[in-house]
Structures are given as structure tokens and as C-alpha cells.
Amino acid sequence: TDALSIELLEMIINNRDISIMFIGIYRSNEVDEAHYLSKTIRDMHDAKKKRWDLTEVSIGNLDATICEEILVQLLCVEPSTETSRLAGICHQRTAGNAFHLLAYLSMLQEQKLLVNLESYNNQPKRWTWDPDQIEGETTISSNVVELIKATISKQPQKLKDLLQLVSCLGTSFERDIVICAFPHMHDGTDPSQ
């Protein structure tokens, strides 16, 4: 959240001619009592009796059972001792943080620790994993940044150089700009080699 977004929200809320439903999400561990978002929420609570209904829902971290339900849905598998064990590892590694869980699963897939096997004999694709290998090759992280750093650290140096370069270009960029700045990409050389 930035100050301008909060000011816009306050203008909308204070305009009695507008009917609006607003849903906001923030990480409570990143917003202390001095943060301008906290002040805005306090002001909204103070004024809510006069103008609107305000409901806050705090959502904590996922427990291992919910992690397993997510895995069962994402991997299209039935609950089993294997999914329960994977869910336990995922829960332990991410402390049940939903965002970290999804990043962790992506990392497992990228590192080929969670593999979607091709279909054979007209059977649907299925996922496979080795819990012992996952436990041995991944670490506990309370921060998704650490997961991303670990993934990047395992990449070839040329790709790390490219990532460092494009990070200076912001959250999005044009391929042509990258080619101008990193000419070897244009000649067909794969930076991940």
C-alpha cells in the first residue's frame, strides 16, 4: 500500500454518493500500529457507525490438513499417506504461509522434485515425488525471498547475469531492450547454458 492509494480509498469512502464494496488484503506482520494503513483502518472503525459496515477477517497460516487439501486439489490426486507426508514437509518448510506454499511447490517442480509424469497407455498424467529427497534437498524458510534466492543460486552464471540486468528495468520490459543490453541473446545463445 502506498499513501496515494490510501488517500484515494478515503476519498471514495467519504463520498456518500458512491456505493462500493472494497476488499483489502495486507500482511499484518508488515504493518505496525504506526503505519498509515493502520491509522486509516482505525479511522474507518471510528467512523463506521455513521457511514458503512466494516468487517475485518484475519486469516492465519494454513495447518497441515489444509496444506494437504490444497495439494490434493492442485495435483488432482486422492488423499493418501504420500500426500499427507508431502503436506507435512510443505507445512514445515513454509510455516503454513499460503504464498510461501505456492512458491515452494513451484520450486519443487522447477527442481524436478515434484514431477508430472507423461501419460501412458491412455492413463491420465500423474504427479510423483520422493519425500526423503525433498526433505534432504530443501530447507526451512520463513521467507519466500529465501526460496527464490536458493532457486536463483542454482542457475547458470549467464542466467544470473541476465536476471541481474533485467531487474534494473523494473517489473516489466520489452525483449528488444534486453537484446540491446545483452547482445548474446540475439544470436540465439541461451543464457541458461
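This is a predicted model: local features need pLDDT of at least 70, side-chain atom pairs count only at pLDDT 80 or more; totals for chains, interfaces and linings use all residues.
1. The mean pLDDT of the protein chain is 79, with 80% of its residues reaching 70 or more. Confidence is lowest in helix H2 (residues 36–51), where the mean is 73, and highest in H4, where it is 94.

2. In soluble globular proteins, nonpolar side chains tend to be buried together.

3. If its neighbours within four places in sequence are left aside, Cys90 is in contact with Leu71, Leu101, Tyr104, Leu105 and Leu108.

4. The geometry of H4 can be checked against expectation: at 1.5 Å a residue, its 14 residues should span 20 Å, and the end C-alpha atoms are 20 Å apart, which agrees. The buried residues of H4 are Thr83, Leu86, Ala87, Ile89, Cys90, Arg93 and Thr94. Seen down the axis of H4, these buried residues fall within an arc of 160°, so they line one face of the helix. An α-helix has 3.6 residues a turn, so residues three or four places apart point the same way. The buried residues of H4 pack against H3, H5, strand S1 (114–117), S2 and helix H6 (131–137). Just after H4, Ala95 takes a positive phi of about 55°.

5. Two glutamates may be considered together. Glu78 lies in the loop between H3 and H4, and because its relative accessibility is 65%, above the 50% cut-off, Glu78 counts as exposed. Apart from neighbours within four places in sequence, Glu78 is in contact with Val72 and Thr83, and Thr83 is one of the buried residues of H4. Glu110, by contrast in location, belongs to helix H5, and Glu110 is likewise exposed, with a relative accessible area of 54%. The C-alpha atoms of Glu110 and Thr151 are separated by 8.4 Å, although these two residues are 41 residues apart along the chain.

Terms used. Residues are numbered from 1 along each chain as its sequence is written. Side-chain values use heavy atoms; hydrogens and water are left out. Contact means heavy atoms within 4.5 Å. Helices (H or I, at least four residues) and strands (E, at least two) are DSSP runs, numbered from the N terminus. The expected span of a helix is 1.5 Å times one less than its number of residues. Buried means under 20% relative accessible area, exposed over 50%, partly exposed in between (1.4 Å probe, protein chains only). The arc is that of the directions from the helix axis to the C-beta atoms. pLDDT is the predictor's confidence in each residue, from 0 to 100.
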